Amino acid sequence: MRGSPRVLGIVLAGGEGKRLSPLTQDRAKPAVPFGGNYRLVDFVLSNLVNAEIRQIAVLTQYKSHSLDRHITTTWRMSSLLGNYITPVPAQQRLGPRWFTGSADAIFQSLNLIHDARPEIVVVFGADHVYRMDPAQMIDQHLQTGAGVTVAGLRVPRHEATEFGVIDADADGKVKGFLEKPADPPGLPDSPEESFASMGNYVFTTEALLEALRADAEDDASVHDMGGSIMPMLADKGEAWVYDFSTNVVPGATERDHGYWRDVGTMDSYYDAHMDLRSVSPVFNLYNDRWPIYTLPPQLPPAKFVLGGRAEDSMVSAGVIIAGGSVRGSVVSPGVRVDGSSSVEDSVLMDGVHIGEGAVVRRAILDKNVVVPPFARIGVDHEADRSRYHVSAGGVTVLGKGARAILD
Ligand code: ADQ
């Protein structure tokens, strides 16, 4: 990184992810599997590590067991030479309570900042699927001399109500920050678009510490990065926006340039999977110049026997398609698809078993789901609604280890 300031990465990975239930029933949202081999947290960690940020604390909270295990087995680095990526559970240092909000999570872990003595603290969320070079954002932060720089994504104004919205002037200085406003302000150069906050911030250490202390003393605060810290720094004139559309990642194609998805709902999670499948995907996992890392399980190659086939699909290691047919789907390690069954436009997680003659359409099947022979999922929505979870967009979801019901 140019100029090489000392950088500490803090990844906020404590979100509950209620809207992704049942996938978050017993795992934290950043631990939700994605794209066959990955978990959501792998995207932010890959982005940070590719930019050579190698001191990273991952703040965890709810249901963090599988997240801790994943980070420890996949991401822990040697602390020799000061490199580390480590999960930091809620410390409960300041009394017997969980973190109240994301700012409180950092406040309770201030010892990390005191120990690492960084000049810059990069605070990124863990819930998104994207590629980004944080070094380019840090460069801009150093050039403007901002206290905080927040990454902004141009979205249609009516879609911005779900996000923190950055009201910036033409030079990028932030005039106001509104967390999930009913009537988002437009951009100076494009009134029908708004800058949605991606939940990624670059702070000068002093500005962060000062803001966290002031926030901690404010009993009326919700202690949230988007709800309290950003509005405070915007009002003080210390915040700048970083336009994500200017970020150029090595090897990105025109199609996946600027790709960022908040996979906070079942439908957005499903759609982001469907983005992966095509010949020239809008999100290209095969860009080896900005790799997305994970630790795939030790499994033999995928095998297609007895006429089994897969089209327009991603198929992971250890899968056996024994006679069944798979189309337009993402198939995770160790899945088995038996004779004359049919799987279409679906997401199958690790160890799912599809029995002979079964039909699965537009479905998300969590780990180890069993679909017995001749069962039907995603065919009759009314029947599905009485037994399973069906999303607003009509995707049928079966939670971890569930067994589909046979008529
Ligand atoms: P939300 O996603 O609604 O909006 P939040 O639930 O605080 O905000 O999640 C932000 C990140 O912090 C997530 O990665 C989550 O896992 C994590 N997190 C939440 N509470 C935490 C806690 N107590 N401890 C540790 N980690 C925690 C945020 C911003 C918006 C922005 C959207 C973009 O507030 O301004 O637009 O993200 O998706």
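Around the ligand stand 24 residues, of which G14, G15, E179, K180 and S197 come nearest (a residue counts as near if one of its heavy atoms lies within 4 Å of the molecule). The structure is a predicted model, in which local features need pLDDT of at least 70 and side-chain atom pairs count only at pLDDT 80 or more, while totals for chains, interfaces and linings use all residues. Residues are numbered from 1 along each chain as its sequence is written, and side-chain values use heavy atoms, with hydrogens and water left out.

**Ligand site**

- A backbone N or O atom of L12 lies 2.8 Å from an oxygen atom of the ligand.
- At G14, a polar backbone atom is 2.8 Å from a nitrogen atom of the ligand.
- Q61 places a polar side-chain atom 3.1 Å from a nitrogen atom of the ligand.
- On its own the ligand has 710 Å² of accessible area, and the protein covers 84% of it (Shrake-Rupley method, 1.4 Å probe).

**Domain arrangement**

- The domain assignment of the protein gives domain 1 as 7–267 and domain 2 as 296–398; such bounds come from an automatic or database assignment.
- The C-alpha centres of domain 1 and domain 2 are 34 Å apart.

**Interface between the domains**

- Contact (heavy atoms within 4.5 Å) joins 11 residues of domain 1 to 18 residues of domain 2.
- About 1,000 Å² is buried between domain 1 and domain 2, with carbon and sulfur atoms giving 59%; buried area is the accessible area (1.4 Å probe) that two parts lose on being put together, summed over both.
- In domain 1, G36, M266 and D267 lose the most area to domain 2, together 41% of what that side buries.

**Polar and charged pairs**

- The count between domain 1 and domain 2 is one salt bridge (a side-chain nitrogen of Lys or Arg within 4 Å of a carboxyl oxygen of Asp or Glu).
- The side chains of R27 and D366 form a salt bridge at 2.9 Å, N to O.

Note on methods: A polar contact is a pair of N or O atoms within 3.5 Å; within protein, one must be able to donate a hydrogen and the other to accept it, and residues adjacent in sequence count only if both atoms are side-chain atoms.
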